[in-house]
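Dear colleague,

Please find the structure below, handed over for your work. My notes on it come directly after.

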Amino acid sequence: MVELSENAYDVVLLDVKMPGISGIETLKRIKAQGCDAEVIVLTGHASMDIALNCIDYGAYDYLLKPCDVEEINLKISQAYECKLEKEKIG
């Protein structure tokens, strides 16, 4: 989390299952810090609850693994464009 407070990022990719801390907890902490990066959450374990939690906690999108690299690249591009639009607005 120190990394995000010391450097500006436009888009962050997280996995729901990560060693030490879950992707959802990381997402909550990112947003609580006021980080304005768009967050895309990846998971290999489909769950409506997880998807809704991710969106509720401020994730830009939620993708199921395995994901095609082109799909991930498209989502990253869309998230980046969304961040740019938010910066223009406010």
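This is a predicted model: local features need pLDDT of at least 70, side-chain atom pairs count only at pLDDT 80 or more; totals for chains, interfaces and linings use all residues.

Residues are numbered from 1 along each chain as its sequence is written, and side-chain values use heavy atoms, with hydrogens and water left out.

Helix α3 spans residues 48–56, and I50, A51 and C54 are buried in it (under 20% relative accessible area with a 1.4 Å probe, protein chains only; exposed is over 50%, partly exposed in between). These residues cover an arc of only 100° around the axis, which puts them on the same side of α3; the arc is taken from the directions from the helix axis to the C-beta atoms. The cover over the buried residues of α3 includes α2 (23–32), β2 (38–43) and β3 (61–64). Exposed residues M48, D49 and D56 lie on the face turned away from the buried side. At the N-terminal end, S47 caps α3, with a side-chain oxygen 3.3 Å from the backbone nitrogen of D49. After α3 comes G58, whose phi is positive, near 105°.

Strand β1 (residues 11–15) pairs with β2 in the parallel sense over five bridges (pairing requires at least two DSSP bridges). Within this pair, V12 stands opposite V39 of β2. D15 belongs to β1. Leaving aside neighbours within four places in sequence, D15 is in contact (heavy atoms within 4.5 Å) with G23, L42, T43 and K65.

Kind regards

Note on methods:
Helices (H or I, at least four residues) and strands (E, at least two) are DSSP runs, numbered from the N terminus. A polar contact is a pair of N or O atoms within 3.5 Å; within protein, one must be able to donate a hydrogen and the other to accept it, and residues adjacent in sequence count only if both atoms are side-chain atoms.
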